[in-house]
Amino acid sequence: MTTSADPVSVAERRRPVSPLRARINFAVFAAVTVGGGWLFVALDRATGQSAGTGSVTSASGGTSGQGLWIAVPALVALALHFLSRDGAGPLGLTLRFAHRTRWFAFATVLAPAVTAVLVVAAAATGAATFSLTPRPGEPPLLVAFATTLGFLLVKNLLEEFVFRGYGTRTAMALGLRGLAPHMLVGLVWGLWHLPLYTVWMSQADLRRTTTLPWSWYLPVFLVGLMALAVLYGEMRVRTGSIWPGVVFHTVSNALATPLLLNGHLSFEGHGDALFGIASNSVFSVLLFGGTGLLLYRWNRSGERPVA
């Protein structure tokens, strides 16, 4: 059970859930989140801002549209929460929940453990080559990891607030069964990423993360995000907080990004489709999605805290 004693959270929990209001709110949330990015792409083009030079680990090369792409969904989520009450529960900002140390330890070690398994498997099967030495001009792995943590912590706090803080708590009130609320959030989350990958992000960097053509990459990526959403969503449901997800997200990004972009890990052929450390590989889906499924089954055997 959550140990939060925040008065606002308690009052929100006592408010009756309105599935109809939750459906309206989620529809507005999804439309703004998915469609807003493309409007901000158009804004960048209309104002002459150059795209295709953005970074996923810093604000370098970013545009005004890219900033709005993550800020506006967060503001809309806040507005819907306070102005269109649906009784779906609090936003998960609490740091007061049971077994905090265990959850934060789990969130910290999971990504490195899964990444290590995938890298070893890829190297052992010849699907990839691994080097501790980065490409010329790039910092060592530990330096790259450490220097991205600050930016990623802020970025992922906003992202987790949007998709788990508001998205998951609202989807859980829609009356859907099983894993459907998490997968719905995962689909919206995946579609939200598309302007970043197709317009704002350096295409050279994108090609270092996948060898798949877009016709294959897009469905695999969306399935991967939906599997990850089960894991993130179950951490949110189990703890009543977004903070374990923020930690997991930040550690995962800070580790995987330099491994791929700085030349430590290079895949042969389409080896990344099987062993890739990003969300678009078969084994990353199985490992992260399987962990989320275990959490879900664990939750079903006991009380599920407030979403």
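Mentor: R164 sits in helix α5, residues 141-171; a helix here is a DSSP run of H or I with at least four residues, a strand is a run of E with at least two, and both are numbered from the N terminus. This is a predicted model, where local features need pLDDT of at least 70 and side-chain atom pairs count only at pLDDT 80 or more, while totals for chains, interfaces and linings use all residues. Residues are numbered from 1 along each chain as its sequence is written, and side-chain values use heavy atoms, leaving out hydrogens and water.

Trainee: Why is R164 called buried?

Mentor: Buried means under 20% relative accessible area, exposed over 50%, and partly exposed in between, with a 1.4 Å probe and protein chains only. R164 has 1% relative accessibility, so it counts as buried.

Trainee: What makes the pair R164 and E160 a polar contact?

Mentor: The term asks for a pair of N or O atoms within 3.5 Å; within protein, one must be able to donate a hydrogen and the other to accept it, and residues adjacent in sequence count only if both atoms are side-chain atoms. The side chains of R164 and E160 are joined at 2.8 Å.

Trainee: Which residues does R164 touch beyond four places away in sequence?

Mentor: Among them are W189, Y232 and R236, where contact means heavy atoms within 4.5 Å.

Trainee: And H99, what makes its phi worth a remark?

Mentor: Most residues other than glycine have a negative phi. H99 is not a glycine, yet its phi is positive, about 60°. The residue lies in the loop between α3 (64-83) and α4 (100-124).

Trainee: Why is H99 partly exposed, while R297 is called exposed?

Mentor: The relative accessible area of H99 is 49%, so it counts as partly exposed. R297, in helix α11 (residues 282-300), reaches 52% and therefore counts as exposed.

Trainee: How do you know that the radius of gyration agrees with a compact globule?

Mentor: The radius is taken over C-alpha atoms, and the globule rule is 2.2 Å times the number of residues to the power 0.38. For 307 residues that rule gives a value near 19 Å, and the protein has 19 Å, so the two agree. Of those residues, 50% count as buried.
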